[in-house]
Amino acid sequence: MHKRAALALRLLPVSLVVGLFFLLPLGIMALYSFLEPGVYGGVEWQFYPDNFGRVLGFADGTYEDFDPVYLAIIVRSLKLALMTVVCCLLLCYPMAFWVARQPQRMRNFCLFLITLPFFTSLIVRLYAWLLILRPSGFINSLWLATGGTEPFDLMYREGSVLIGLCYILVPFMFMPLYASVEKLNPSLLEASSDLGASRLQSFWRITLPLTLPGIAAGSLLVFIPSLGNFIVPSLLGGARVLMIGSLVEQQFLSARNWPFGAALAMLLMAAVLLCLTLYVLLQSRHEQGEVSR
């Protein structure tokens, strides 16, 4: 009993911080999502499920209508988030192997370069991409200098948003991958080669399963922030490429429809919780497989 009281006392500060700065705002957001929006902003304290109906299709049709544009925005957000995961994985997976095979001093230098962007403001780094991609930017200036007739339209497209998301989220994919790759035992690959396995077979049966936890963790760390990101779409996508994070921001700040913005945020959180649940299930299955072996 004394140990439980001591443990509860130690966890009390952390519990208060989590409850005050996470659970309480989350509860307020969940409550607002079921309230009626006020005429001039704010909320009316009446139960109003049509905030979700505008997205999911069961709006009353009188005061609120189902609009498929919201589903299209959610689908676009999911597509760009998945594309960001794939691009970051294709870029970071071979790079993690290359860095892991370098001498210790070179590895430390590469890890420093990976974390270096965190020392610079995100807004500054994204404005640098504006200077690169805009019609009078570096790419179009180089194109016109080499004989091009007219500049490319690179800004305010899904491709520019994808570039920005990959640029800011590459470190989140690289670090878990590097941690998994660094733990690989080279003798396993040597034994596989001695037994007659090709490089592809060794990769498929040894390297990929052993680095799968890093792939899953990196994919999760990239997918979740890219799904709810609103800074990159606002700067590099504009009004053409609207994602769910930007839509939530607009509902709270511009439209002043707090209940609908809260409902969109709850749907976004539900998608994140689904991803986390799948990750935990896959991780538990992987650990069970390792124990059975």
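Colleague: Let's start with Cys 275: is this residue buried or exposed?

Modeller: In this predicted model, Cys 275 is buried, because its relative accessible area of 19% falls under the 20% cut-off.

Colleague: And how far is Cys 275 from the nearest cysteine sulfur?

Modeller: The general idea is to look for a pair of cysteine sulfur atoms within 2.5 Å. For Cys 275 the nearest such sulfur belongs to Cys 88 and lies 15 Å away, and Cys 275 is in no disulfide.

Colleague: Now the core. Which residues touch the most other members of the largest nonpolar core?

Modeller: Look for buried nonpolar residues joined through their side chains. Here the largest such core has 50 residues, and Val 161, Met 173, Phe 174, Leu 177 and Val 232 touch the most other members. Several helices supply at least two residues each, including α3 (68-100), α7 (158-182), α9 (199-228) and α12 (258-292). The largest share comes from α7, with twelve residues.

Colleague: What does Met 173 touch, leaving out residues up to four places away in sequence?

Modeller: Met 173 touches Val 85, Cys 88, Leu 89 and Cys 92, and also Gly 218, Ser 219 and Val 222.

Colleague: Where does Ile 168 lie, and what is it in contact with?

Modeller: Ile 168 lies in α7 and counts as buried, at 8% relative accessibility. Beyond its neighbours within four places in sequence, Ile 168 is in contact with Leu 122, Arg 125, Leu 126, Asn 229 and Val 232. For a distance along the fold, take Ser 226: it is 58 residues from Ile 168 along the chain, and the two C-alpha atoms are separated by 9.4 Å.

Colleague: How should I read the packing of α3 and α7, and at what angle do they pack?

Modeller: Read the angle together with the distance between the axes. For α3 and α7 the angle is about 45°, and the axes are 6 Å apart. The two helices are therefore oblique to each other, and their crossing is right-handed.

Colleague: At what angle do α3 and α9 cross?

Modeller: Roughly 135°, with axes that come within 9 Å. That angle is not over 145°, so α3 and α9 count as oblique rather than roughly antiparallel. The crossing of α3 and α9 is right-handed. On the α3 side, the contact residues include Ser 77, Ala 81, Val 85, Leu 89 and Phe 97. From α9, they include Phe 203, Thr 211, Ile 215, Val 222 and Leu 227.

Colleague: Last topic, the backbone. Which phi value does Tyr 156 have?

Modeller: The general idea is that most residues other than glycine have a negative phi. Tyr 156 has a positive phi of about 60°, although it is not a glycine. Tyr 156 sits in the loop between α6 (138-145) and α7, and it is partly exposed, with a relative accessible area of 39%.

Colleague: Where is Arg 256 found, and what is its phi?

Modeller: Arg 256 is found in the loop between α11 and α12. Its phi is positive too, near 60°, in a residue other than glycine. Arg 256 is partly exposed, with a relative accessible area of 41%.

How values were computed
Residues are numbered from 1 along each chain as its sequence is written. This is a predicted model: local features need pLDDT of at least 70, side-chain atom pairs count only at pLDDT 80 or more; totals for chains, interfaces and linings use all residues. Side-chain values use heavy atoms; hydrogens and water are left out. A nonpolar core is a set of buried Ala, Val, Leu, Ile, Met, Phe, Trp, Tyr and Cys residues joined through side-chain atoms within 4.5 Å. Buried means under 20% relative accessible area, exposed over 50%, partly exposed in between (1.4 Å probe, protein chains only). Helices (H or I, at least four residues) and strands (E, at least two) are DSSP runs, numbered from the N terminus. Contact means heavy atoms within 4.5 Å. Axes are lines fitted to C-alpha atoms, for helices over the stretch in contact, and angles run from 0 to 180 degrees between N-to-C directions. Angles under 35 degrees count as roughly parallel, over 145 as roughly antiparallel, 65 to 115 as roughly perpendicular and the rest as oblique. A crossing is left-handed if the near helix is turned anticlockwise from the far one by less than a right angle, and right-handed if clockwise.
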